[in-house]
Amino acid sequence: MALTTLDPITALIVVDLQRGIVGSTLVHAMGDVVGDVVQRSCALAAAFRRHRLPVALVNVDGGAPGRTERPRAGGPFPDGWTTLIPELDQQPGDIAVTKRTWGAFASTDLESQLRSRGVTQVVIAGVATGTGVESTARQAYEAGFNVTLATDAMTDPRREAHDYSIANVFPRLGESGTTQAIIELLATRSAQA
């Protein structure tokens, strides 16, 4: 579903734009796409802050404890791996959460922080589309938030996962739009308030 509206108190959630992920060789193999995602996510964060709307910056440090068929990378993360990228320009008023699952709601207090600010809708950007972003979107939807996906402000090292989420999963969870469309709608919404 195309982007139609933003609620009066909408929050931006930026997923896993941290040094260890953005700087990984797997992500850099995707070329300029990551740079575009970072630039667009930063533009969204600046626009939300300008309109005095909540910005949640999420990083990941670990994983859920269950068994899987694919072995997880072992050992501790290198120093700085979980540090948010400086381009996000983290502000004192931003919500910062560290997750240990794919989605940003399951292992954090993100939902309660958003609800305490009166948030009814979330816009989600970041990496990876088919894991962190999609899981966060599913959890937000299940928690009763209106969900909007900034589809040009996300990417996945697995192109097929990115395309599948955008075409098949996201339309069932909410609305999708470009960074520019979201920023324009923010400005229109604010002008009407």
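Biologist: Let's start with two phenylalanines: are F105 and F145 buried or exposed?

Modeller: This is a predicted model, in which local features need pLDDT of at least 70 and side-chain atom pairs count only at pLDDT 80 or more, while totals for chains, interfaces and linings use all residues. Residues are numbered from 1 along each chain as its sequence is written, and side-chain values use heavy atoms, with hydrogens and water left out. Buried stands for under 20% relative accessible area, exposed for over 50% and partly exposed for anything in between, with a 1.4 Å probe and protein chains only. On that scale, F105 and F145 are both buried.

Biologist: Good to know! How many aromatic pairs does a search of the whole structure find?

Modeller: Rings of Phe, Tyr and Trp (its six-membered ring) pair if their centres lie within 6.5 Å; planes under 30 degrees apart are stacked, over 60 edge-to-face, and the rest tilted. Searching the whole structure with this rule, the number of aromatic pairs found is one. F105 and F145 form that tilted pair, with 5.8 Å from centre to centre and 40° between the planes.

Biologist: And where in the chain do F105 and F145 lie?

Modeller: Helices (H or I, at least four residues) and strands (E, at least two) are DSSP runs numbered from the N terminus. The pair links distant parts of the chain, 40 residues apart. F105 belongs to the loop between strand 3 (95-99) and helix 4 (110-116), and F145 to the loop between helix 5 and strand 5.

Biologist: Which residue places its charged end over the ring of F145?

Modeller: A charge sits over a ring if NZ of Lys or CZ of Arg is within 6 Å of the ring centre and within 35 degrees of the ring normal. Here the charged end is 4.2 Å from the centre of the F145 ring, and it belongs to R115.

Biologist: Moving to helix 5, how many of its 14 residues are buried?

Modeller: The buried residues include T129, G132, E134 and A140. Their cover includes strand 1 (10-15), strand 4 (121-127), strand 5 and helix 6, where contact means heavy atoms within 4.5 Å. Helix 5 is mostly covered, the number of buried residues being ten.

Biologist: Which residue forms a salt bridge with R40?

Modeller: A salt bridge needs a side-chain nitrogen of Lys or Arg within 4 Å of a carboxyl oxygen of Asp or Glu, and a search of the whole structure finds eight. R40, in helix 3 (residues 32-50), has a partner 112 residues away in strand 5. R40 counts as partly exposed because its relative accessibility is 30%. The closest N and O atoms are 3.5 Å apart, and the partner is D152.

Biologist: One last thing: why are D163 and R159 separated by about one helical turn?

Modeller: The side chains of D163 and R159 meet in a salt bridge, 3.2 Å from N to O. They are about one helical turn apart because their spacing in helix 6 is four residues.
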